[in-house]
Amino acid sequence: MGWSSNGSPISLATYSKWSNGQPTFSRNENCLKLRRSNMDWFSANCGSKLSAVCKRYPTHSPTSRVTCKEGLTINPESGSCYTLVKNYTDWYTAKKNCLDIGGKLATIRTSQESEFIKDFLITEMTTFPNGAWLGASDEATEGSFVWTDGSPVTFTDWRKNHPATSPSYRQKFNCVAANRYGNYTWIDTKCSVSAYRSLCQIEA
Ligand SMILES: [Ca+2]
């Protein structure tokens, strides 16, 4: 008897992350589950009702050949590279932070990029964070959000009650941040508030 995936045995010699006392080898526990807190492995009843972790293969190639400069993280589907500049700044300084390292504040045009960036921020935000500036603003024309290259914001992932609708707030709130308290959904806020990190995107 052994553990298998897609019919191929999992080699316990190469990698395992069993929690203490796992697997139990109980005859009722023939599937593997992850513990939410630390992703440790547990054996479990295959009939347990749990969420699923799926593997998706890239829909296009050959971005796997693209490599990022050292210290950057690649989105293998788009080929873009990311880093988080961790000091807290206003939006303008964040924009400059990214230019200084040969990139730009991150642009999110698809749900795939959005999901990738959320995962990246969850991994990177290891100390108390509010979130990270993204490259969108409606400073030039109130209500028309554009990315820093001037292209319109089409895909959006606004947090509830954002962008602001009341006239007094929407005039003041012209820059976009991925907000930790909304699981990195987007908020519009004051561009001048020095409260967010800089999420920089660099093309490999
Ligand atoms: Ca606004």
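These numbered points concern the nonpolar core and some local backbone features of a predicted model.

1. The largest nonpolar core has 29 residues, and the members that touch the most others within it are Trp133, Leu134, Ala177, Ala178 and Leu199. Two or more residues of this core come from each of β6 (80–89), α1 (91–100), α2 (111–124), β8 (131–137), β10 (175–179), β11 (185–189) and β12 (196–203).

2. For Trp133, once its neighbours within four places in sequence are left aside, the contacts are Trp91, Ala94, Leu105, Cys175, Ala177, Tyr196, Ser198 and Leu199.

3. Two cis peptide bonds deserve a look in the viewer: the bond from Gln22 to Pro23 has omega near -10°, and the bond from His162 to Pro163 has omega near -5°. Pro23 lies in the loop between β2 (8–9) and β3 (31–34), whereas Pro163 belongs to the loop between β9 and α3.

4. The loop between β9 and α3 also holds Asn161, a residue other than glycine whose phi is positive, near 70°. Asn161 counts as exposed because it has 11 C-beta neighbours inside 10 Å, the limit for that class being 12 or fewer.

5. Gly150 is placed in the loop between β9 (146–147) and α3 (167–172), and it is exposed, since 7 other C-beta atoms lie within 10 Å. Its C-alpha atom is separated by 9.6 Å from that of Ser137, the two residues being 13 apart along the chain.

6. Asn183, in the loop between β10 and β11, likewise has a positive phi, near 55°, without being a glycine. With 12 C-beta neighbours inside 10 Å, Asn183 counts as exposed, because the class extends to 12 or fewer.

Terms used. Residues numbered from 1 in each chain as written. Predicted model: local features only at pLDDT ≥ 70, side-chain atom pairs only at ≥ 80, totals over all residues. Core = buried A, V, L, I, M, F, W, Y, C linked by C-beta atoms within 7 Å. Buried ≥ 20, exposed ≤ 12 C-beta atoms within 10 Å, placed from the backbone. Helix = DSSP H or I, 4+ residues; strand = E, 2+ residues; numbered from the N terminus. Contact = placed C-beta atoms within 7 Å.
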